[in-house]
Amino acid sequence: MFMNDVVQTARKEMVESGYKELTKPEEVDEVLSNPGTTFVMINSVCGCAGGIARPSAAYIKNFDVKADNYVTVFAGQDKEATEQARSYFKGYQPSSPSFALVKDGEIQTMVERHEIEGHEPIEVVQKLEKAFEQYFK
């Protein structure tokens, strides 16, 4: 019961921040295989997701440089959708929470869990801002 509440809260945070939740592999392909830029937040229930990753994702939605799409998949919950998203992240090991910047169906870069966990939210935001400027501008 408790885990259901935690998961629902984590999902709600992302949707309220303006992210489209992708729960099926077909939805992932529909977004990631199309031309344009997509920012993917790989959500999870760990403390660094709630305390660092989700707040950073909410903040970057308002950054000057914009992605065409802001989406999220939930590791450990929507397993098939997460696995399908990770199939686009060639060269990167599965990591959650994490962020992926995808352009025209190709991974540009990721901010992985080891770059989130143990860091201050502002450090993660700054990393994301630099990545947006480099790959989405």
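Reader: What should I know before we start, and how are residues numbered?
Author: Residues count from 1 along each chain as its sequence is written, and side-chain values use heavy atoms, with hydrogens and water left out. The model is predicted, so local features need pLDDT of at least 70 and side-chain atom pairs count only at pLDDT 80 or more, while totals for chains, interfaces and linings use all residues.

Reader: Why is P35 called exposed?
Author: Its relative accessible area is 71%. Exposed means over 50%, buried means under 20%, and partly exposed lies in between (1.4 Å probe, protein chains only). P35 passes the exposed cut-off, so the word applies.

Reader: Where is P35 placed?
Author: P35 is in the loop between α2 (25–32) and β2 (37–43). Helices (H or I, at least four residues) and strands (E, at least two) are DSSP runs, numbered from the N terminus.

Reader: What makes the buried residues of α2 lie on the same side?
Author: The buried residues of α2 are V28, V31 and L32. They cover an arc of only 85 degrees around the axis, so they share one side of α2. That arc is taken from the directions from the helix axis to the C-beta atoms. The face turned away carries the exposed residues E26 and E30.

Reader: Which elements do the buried residues of α2 pack against?
Author: They pack against β2, β3 (69–74), α4 (79–86) and β4 (98–103). Contact here means heavy atoms within 4.5 Å.

Reader: How do you know which strands are at the edge of the sheet?
Author: Five strands form an open sheet, in the order β1-β3-β2-β4-β5, with mixed pairing. The edge strands β1 (20–21) and β5 each pair on one side only. Two strands pair if DSSP finds at least two bridges between them.

Reader: What makes β2 and β4 a pair?
Author: Six bridges join β2 to β4, and the two run antiparallel. At least two bridges are needed, so β2 and β4 pair. V40 stands opposite A100 in β4. β2 also pairs with β3, in the parallel sense, over six bridges. There, T38 has N69 of β3 as its bridge partner.

Reader: Why is β2 called mostly covered?
Author: Seven of its seven residues are buried. On one side these are T37, F39, M41 and N43; on the other they are T38, V40 and I42. In a regular strand the side chains alternate between the two faces of the sheet. Helix α3 (residues 47–60) lies across β2, β3 and β4, at about 160 degrees to β2. Such angles run from 0 to 180 degrees between N-to-C directions, with axes fitted to C-alpha atoms, for helices over the stretch in contact.

Reader: Why is T109 called buried?
Author: T109 has a relative accessible area of 15%, so T109 falls under the buried cut-off. This residue is found in strand β5 (residues 106–111). Leaving aside neighbours within four places in sequence, T109 is in contact with Y92, F99, A100, L101, A131 and Y135.

Reader: What makes the pair of F63 and F132 edge-to-face?
Author: The structure holds eight aromatic pairs. For F63 and F132, the ring centres are 6.4 Å apart and the planes stand at 85 degrees, so the pair is edge-to-face. Rings of Phe, Tyr and Trp (its six-membered ring) pair if their centres lie within 6.5 Å; planes under 30 degrees apart count as stacked, over 60 as edge-to-face and the rest as tilted. F63 is in the loop between α3 and β3 and F132 in helix α5 (residues 121–135), so the pair ties together parts 69 residues apart in sequence. F132 is buried, at 0% relative accessible area.

Reader: Why is the pair of Y70 and F132 called stacked?
Author: The angle between the planes is 25 degrees, and the centres are 6.5 Å apart. That angle is under 30 degrees, so stacked is the word. Y70 lies in strand β3 and F132 in helix α5, so this pair ties together parts 62 residues apart in sequence.

Reader: How do you know that the charged end of K61 sits over the ring of Y70?
Author: That end is 4.6 Å from the ring centre. The rule asks for NZ of Lys or CZ of Arg within 6 Å of the centre and within 35 degrees of the ring normal.
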